[in-house]
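Have the sequence and the 3D view open as you read.

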Amino acid sequence: MMPDLKIDQADLNEIAALVYQSCGIVFKDSNLSVLTSRLSNKLKENQVNSNEYVKKLKEEPLELRSFIGFVTTNFTSFFRTPRQFDILRENALPEIIRKNSEEKLIRIWSAGCATGEEPYTLAMVLNEFLEQNSLLVKGWDYSITASDISLNSLFTAKEGKYPAEGVKKMSPYYLNKYFKELSGEYLVSDSIKKKICFDYHNLIYDNGIREMDIVFCRNVLIYFDADIQTRVLLNIHQAMKEKSFFFIGHSESLFGLFKDFSPMTTEKGIVYVK
């Protein structure tokens, strides 16, 4: 006999609370439909009702982790918000080169990297910057840490293989230089893939990362309430060097939220500085 797959409101509220306690993502009236839709899929997949699935989430930590990855919105694209990468090239990188002249290593963290488009874009930008300024930055290198809460997204990111639709807006220059076409899909070249370490990480906890020169955490804070935002920002802050650069989504702001980052206004927009 097929189980009743109707979602009980009390179960939905309890699952929303479990997600919040685990990773800080808030589901309320404005986005509760997303949780409802994803939960319906899980009930069909497991052939259980909503009350049974609540018990499963409570008893099986791996199922809860999988579910959180499933409900996380992972929309991203290569070179998303191009002006921020202009700020990276024109403002952040020259300043880092100027003050880190002894170590000659640029450390970057892509926090909430989803399926990898952002860290691969960062790698391409860094590669181009170092090549085009070879005399100025002789001996310099970079490393990128990319983290996300969705294991499925991380598997895609590590593989570095994208459909033609996913790269159609990229300039032919980058596509020809950093990708290889395989049966209608595009595989990221090893030359930049080897520069990136992908890892699972829940941003509400300190992951031990330190001494970052640049952090990208774009369109992630919007999923948290003010308390969790502050907690996440504290973790990011302690992962960064003094005078390092922090990029958030172009429509996001830290105004009135966190005073230990200072906004720096450039011709292309705002970046925050520790």
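Predicted model: local features only at pLDDT ≥ 70, side-chain atom pairs only at ≥ 80, totals over all residues.

## Helix α4 and its neighbours

Let's begin with α1, which covers residues 9–23, and α4, which covers residues 61–71. Their axes come within 11 Å and cross at roughly 95°. An angle from 65 to 115 degrees counts as roughly perpendicular, so α1 and α4 are roughly perpendicular to each other. On the α1 side, the contact is made by Ile15, Val19, Ser22 and Cys23, and on the α4 side by Leu64, Phe67 and Ile68. Sorted by class, the contact of α1 with α4 has six nonpolar residues, one polar residue and no charged ones.

How do α3 and α4 meet? The axes of α3 and α4 come within 5 Å and cross at roughly 110°, and these two helices are therefore roughly perpendicular to each other. From α3, the residues Tyr53, Lys56, Leu57 and Glu59 meet Pro61, Glu63, Leu64 and Phe67 of α4. By class, the contact of α3 with α4 has five nonpolar and three charged residues, with no polar ones.

Now step over to α2 and α3, whose axes come within 10 Å and cross at roughly 90°. This pair is therefore roughly perpendicular too. In α2, Leu39, Lys42, Leu43 and Asn46 meet Ser50, Tyr53 and Lys56 in α3. The contact of α2 with α3 divides into three nonpolar, two polar and two charged residues.

## A closer look at Ser22

Serine 22 sits in helix α1. Which residues does serine 22 touch, not counting those up to four places away in sequence? They are Leu64, Ile68, Asn202, Ile204 and Tyr205. Leu64 and Ile68 also belong to the α4 side of the contact between α1 and α4.

Serine 22 also shows how the chain brings together positions that are apart in sequence: serine 22 and arginine 65 are 43 residues apart along the chain, and 8.5 Å apart in space from C-alpha to C-alpha.

## The nonpolar cores

The largest nonpolar core has 45 residues, and Leu88, Ile106 and Phe179 touch the most other members. Helix α6 (residues 117–132) gives the most to this core, with eight residues.

Leaving aside its neighbours within four places in sequence, leucine 88 is in contact with Leu93, Pro94, Leu122, Val125, Leu126, Ile214, Phe216 and Phe247.

Is glutamate 128 buried or exposed? With 3% relative accessibility, glutamate 128 counts as buried, because buried means under 20%. Beyond its neighbours within four places in sequence, glutamate 128 is in contact with Tyr173, Tyr174, Lys177 and Tyr178.

## Cysteines without a disulfide

A disulfide is a covalent bond between the sulfur atoms of two cysteines. How many disulfides are there here? The count comes to zero when a disulfide is taken as a pair of cysteine sulfur atoms within 2.5 Å. Cysteine 113 is in no disulfide, as the nearest cysteine sulfur, that of cysteine 197, is 10 Å away. Cysteine 113 has 1% relative accessibility and counts as buried.

Cysteine 197 is likewise in no disulfide, and its nearest cysteine sulfur is that of cysteine 113, 10 Å away. At 46% relative accessibility, cysteine 197 counts as partly exposed.

## Two loop residues with positive phi

Most residues other than glycine have a negative phi. Threonine 81 is not a glycine, yet has a positive phi of about 55°. You will find threonine 81 in the loop between α4 and α5 (82–99).

Serine 183 also has a positive phi, near 50°, and is a residue other than glycine. Look for serine 183 in the loop between β4 (179–182) and β5 (185–188). Its relative accessibility is 82%, so serine 183 counts as exposed.

Definitions and conventions:
Residues numbered from 1 in each chain as written. Heavy atoms only, no water. Axes fitted to C-alpha atoms, helices over the stretch in contact; angles between N-to-C directions. Helix = DSSP H or I, 4+ residues; strand = E, 2+ residues; numbered from the N terminus. Parallel < 35°, antiparallel > 145°, perpendicular 65-115°, else oblique. Contact = heavy atoms within 4.5 Å. Nonpolar A, V, L, I, M, F, W, Y, C, P; charged D, E, K, R; others polar. Buried < 20%, exposed > 50% of the residue type's maximum accessible area, 1.4 Å probe, protein only. Core = buried A, V, L, I, M, F, W, Y, C linked by side-chain atoms within 4.5 Å.
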